[in-house]
Structure formats: C-alpha cells, structure tokens
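Hi everyone, thanks for coming. I'd like to walk you through one structure today, so please have a look at it with me.

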Amino acid sequence: MQTAVIVPTLNEAENVETLLAQIEATGVPFSEVIFVDDGSHDGTREIVRELTNAHPVRLLAREGGERGLAGAIVAGANVCAADIVVVMDADLSHPPEKIAALVQPIVHNEADLVIGSRYIRGGDTPDWPLWRRVMSRAATLLAFPLTGVHDAMGGFFAVRREALLEYAGNATGFKIAFEMLVRSRRKLRVLEVPIVFRDRQRGKSKMSIGEATRFGFDWSRAVLRRMFQRPMETASLPARQSSPVTPK
Ligand SMILES: Nc1nc2c(ncn2[C@@H]2O[C@H](COP(=O)(O)OP(=O)(O)OP(=O)(O)O)[C@@H](O)[C@H]2O)c(=O)[nH]1
Ligand SMILES: [Mg+2]
C-alpha cells in the first residue's frame, strides 16, 4: 500500500523545508509529499518548487477562487494515487514521528481513519495558554456526540484516500476530519493515537474568529441534520473500534 503526505500551505516559507526534513527522517516509506498551496506570497511556492528537484515532492499551486483548508486537502487527495494519505499542518505543530503510528492500523486493515489526538492519555498541548485550551476543549466536547472521538478538531490524521474523497469530497471548512466523521455517520473504523501538539514557532496563524464561528455554524447544522434524519443506517463496515488507549 502506498502512502502520500498532504500538507496544505498558506504563507509557510519558514517551515516547509524543516517539515520535509522531519518527515523524511521518520523513515516511513511514502510515495510523495504534496504541498497544496493557496496563493502564498512569502516565497513558499518557490521553496517547494526547489525541493521538487531533489525530493519526492509535488507542488499543487491553486489559483484565484480556490481557497480554503478542506478544499486544499481534497485537491491533494484527488491528484495523488496513494491508497493512504497522511494530512498534516506545515507549521511543525504535528509530530512527524507519529506518522508511522497513524498509518500502521490502516495498512493492517484495522482502521479507515486514524486521528492524532491531543485529548486522550498521552496527548497534550503544552504550549497553550489556559484560554486556548478551554476553547479547544469546548469545541471537541461539542463535537463528541456527533463524532464519538475525543479530538475531532485536529488536522493530523491518516485515512484511506477513498474514504476521504467519499465523505469529505465536498468539505469546505477548516475542520475536515470533523466533517468526514459527521458525514460518514460512524461507518468508518476510527482510532485515535495520542500526540503532543506544539505551538507554531514561525509564521502566522490562519485560524480566525471567522473560522471558529463557522465551526459553530457547521456544528449546529450537523446537530439539526442528525435530529431530523432517519435512524442511523446499518454500518457497511465493521463497528468502530474503541480508542487504543483509555481517555483522560
Ligand atoms: N492551502 C491552504 N492552506 C491553508 C489555508 N489556511 C490555512 N492553511 C494551512 O493549514 C495549516 C493549519 O493552519 P494554521 O494557521 O496553522 O491553523 P491552526 O493550526 O488552527 O492555528 P495555529 O495553532 O495558530 O497555528 C497550515 O499548514 C496552514 O498553512 C488555506 O486557505 N489554504
Ligand atoms: Mg497551526
């Protein structure tokens, strides 16, 4: 089974080279690392283009109206041929040494989606001030009844490419794992693996009040849809596995 890594970028010039070195240092065999860039103007594209000369790297440069994190990830999944995709941020927040742990359960056909989780035992967000921990915790708690996972808000996960395209092919928001979990209505076998999430050291955050509000809107819509929809269809895949570690 082939694995590709998809990294969405928006002005991450200071981070892309280090990230690639860290991914390569894991020794995990991957077919390519696809950087999906949405109009960066800080030289990100030029650096990635340079990297393509000596590394299995591809630049997918989206133009004009094509914007948004979820759309960028889907675009990356659409251009690659790998069976498994690993999605991770460019800002060095996600620990590449956990890539193997995310991919292995899918290779062994034990899961369809493996999420890097900050909110199970062993996971943490040590750099965050209290207010940010509270906000993030609140969002994940709101998501729990809809998704059944402890960290549906994270952006570091491995997934069967087909499943990503089936359940998140039209996703538009910032939280693609959340959208995939809600839309799949628990048909996916999901595992969570603990990760320690580091705050970005370089470059600017793109998470905004607007995106947070948008999550509130997506959440409300998902709840309403769930309330008025038929009872859950019989799952076509084996029942979801419980998390490999006990939640905090
Ligand atoms: N292609 C693309 N990438 C994006 C877009 N918005 C954000 N990104 C990238 O998505 C990843 C996550 O964005 P961040 O700004 O780190 O968001 P965050 O992790 O919620 O916020 P911080 O914790 O403050 O870093 C980074 O690699 C960004 O460069 C977008 O519209 N298009
Ligand atoms: Mg970040």
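Let's begin with a residue in a loop. Asn11 lies in the loop between β1 and α1, the helix that covers 16-25. Keep in mind as we go that this is a predicted model.

What is the phi of Asn11? It is positive, about 55°, although Asn11 is not a glycine. And is Asn11 buried, exposed or partly exposed? A residue counts as buried with 20 or more other C-beta atoms within 10 Å, and as exposed with 12 or fewer. Asn11 has 18 C-beta neighbours inside 10 Å, so it counts as partly exposed.

Now for another residue with a positive phi. Arg185, also not a glycine, has a phi near 50°. You can find Arg185 in the loop that runs between α7 (176-184) and β7 (190-194). Because Arg185 has 14 C-beta neighbours inside 10 Å, it is counted as partly exposed.

Let's move on to the ligand. Around ligand 1 there are 20 residues, and those that come nearest are Pro8, Asp38, Ala72, Ser205 and Met207. Which elements give two or more residues to this shell? They are β1 (3-9), β2 (32-38) and α3 (69-79). The largest share comes from β2, with three residues.

Definitions and conventions. Residues numbered from 1 in each chain as written. Chains lettered and ligands numbered in written order. Predicted model: local features only at pLDDT ≥ 70, side-chain atom pairs only at ≥ 80, totals over all residues. Near = placed C-beta within 6 Å. Helix = DSSP H or I, 4+ residues; strand = E, 2+ residues; numbered from the N terminus.
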